[in-house]
Structure formats: C-alpha cells, structure tokens
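Q: I am new to this structure and would like to learn how to read it. Where should I begin?

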Amino acid sequence: MTRYETARLTADVVVLADDDTRVLLVRRAKEPYIGRWALPGGHLNPGEEAEAAARRELREETGIDPGHLITVGVYATPGRDPRGRYVSFAYVTRLARTVPPTAGDDAADAQWVPVRAALNNLAFDHLAIITDALRGRAF
C-alpha cells in the first residue's frame, strides 16, 4: 500500500525598504519558535490563491499593504517546519521607505530590522528565503 504525505500550504513575504537595508519581520506569538523573528506569512485558506494569502497575511500581521509582489520561490524541504510537511510560496516586495507596522493577528511584534541584524536567529528557513530575495533570484 502506498502512503502519501499530507502537506500544508503557506505563504511568506519578504518586505524590503530603504534600498534593501531593512526587512520587515514579525515576532512569533505562538509555537513553534515562539518569540523568534520571522517573515510575515501564514496558512492558505481553503480555495485561496497563494499570492492572495501572502497579501492577507501581511496585512493581518503588520497592517501593511504589499503593493506589487514578485515570486521568490517555493520552499518545500522536508523538516523546514517542526509541525510537519509545510510548503511555502515566498514573495518579495520593495517599498521606497519604511511604513510603521502594527502587529496583529498572531504576531507579538512587527518591526523594520536592519538586514544584517535580521540574518541571525530567524524562525524556520526564513534566512534562505531572505537570502534568495536579496540575491535577486526573483528579479
């Protein structure tokens, strides 16, 4: 008998500003990785397109409208999330300047962080997603 693995779908957004020197991060209010910085994002609702979920999650967690989103990639490496198999559709957007975020939904905090400082101690595989976005893989 063949066994199939169930995957959960998520969307994450890399929001860059100030000539790519700042990235918008949220502090996780829930496990896994409670208290750690992460990209804004979350689960797709049933029937929801990945890009629509990315926009919704960004607005819910930070109060910021992303504008134009560009695909960074799809992240599906087994073990990237300790809760099980998660596949994330990652997007990037660039803002001319920082806009004050307002933490909401399941984000304990939302802040613009210098990119160099953000590359330490991120939740999940968000370091790889930010790195790919900065390398211009999506541009």
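## Reading the fold

A: Start with overall size: a compact globule of 139 residues would have a radius of gyration near 14 Å, and the protein chain has 14 Å, which agrees. Keep in mind that this is a predicted model.

Q: What box do the C-alpha atoms of the protein chain fill?

A: Taken along the principal axes, the box is roughly 55 × 30 × 30 Å.

Q: How many helices and strands does the protein chain have, and in what order do the elements run?

A: The secondary structure comes to three helices and seven strands. Read from the N terminus, the order is β-β-β-β-α-β-β-β-α-α.

Q: What do contacts between residues apart in sequence show here?

A: Take the contacts in the protein chain between residues at least 6 apart in sequence: 69% of them join residues at least 24 apart.

Q: How do I read helix 1, and which of its residues are buried?

A: Begin with its span. Helix 1 covers residues 50-62, and its 13 residues reach 18 Å from the first C-alpha to the last, close to the 18 Å expected at 1.5 Å a residue. Then look at burial: A50, A53, A54, R56, E57, L58, E61 and T62 are buried. Just after the helix, G63 takes a positive phi of about 75°.

Q: Which strands do the buried residues of helix 1 pack against?

A: They pack against strand 1 (8-17), strand 2 (22-28), strand 4 (41-43), strand 6 (86-95) and strand 7 (107-114).

Q: Where do nonpolar side chains tend to be in soluble globular proteins?

A: They tend to be buried together. In this model the largest nonpolar core has 17 residues, and V14, V23, L25 and I130 have the most contacts inside it. Two or more residues each come from strand 1, strand 2, strand 5 (70-75), strand 6, helix 2 (115-118) and helix 3 (126-134). Helix 3 gives the largest share, three residues. Apart from this core lies another, of 15 residues, including A11, A17, A54 and L69.

Q: Which residues is V14 in contact with, leaving aside its neighbours within four places in sequence?

A: V14 is in contact with V23, L39, Y91, V92, T93, I129, I130 and A133.

Notes. Residues numbered from 1 in each chain as written. Predicted model: local features only at pLDDT ≥ 70, side-chain atom pairs only at ≥ 80, totals over all residues. Heavy atoms only, no water. Helix = DSSP H or I, 4+ residues; strand = E, 2+ residues; numbered from the N terminus. Expected span 1.5 Å × (residues − 1). Buried < 20%, exposed > 50% of the residue type's maximum accessible area, 1.4 Å probe, protein only. Contact = heavy atoms within 4.5 Å. Core = buried A, V, L, I, M, F, W, Y, C linked by side-chain atoms within 4.5 Å. Rg over C-alpha atoms; globule rule 2.2 N^0.38 Å.
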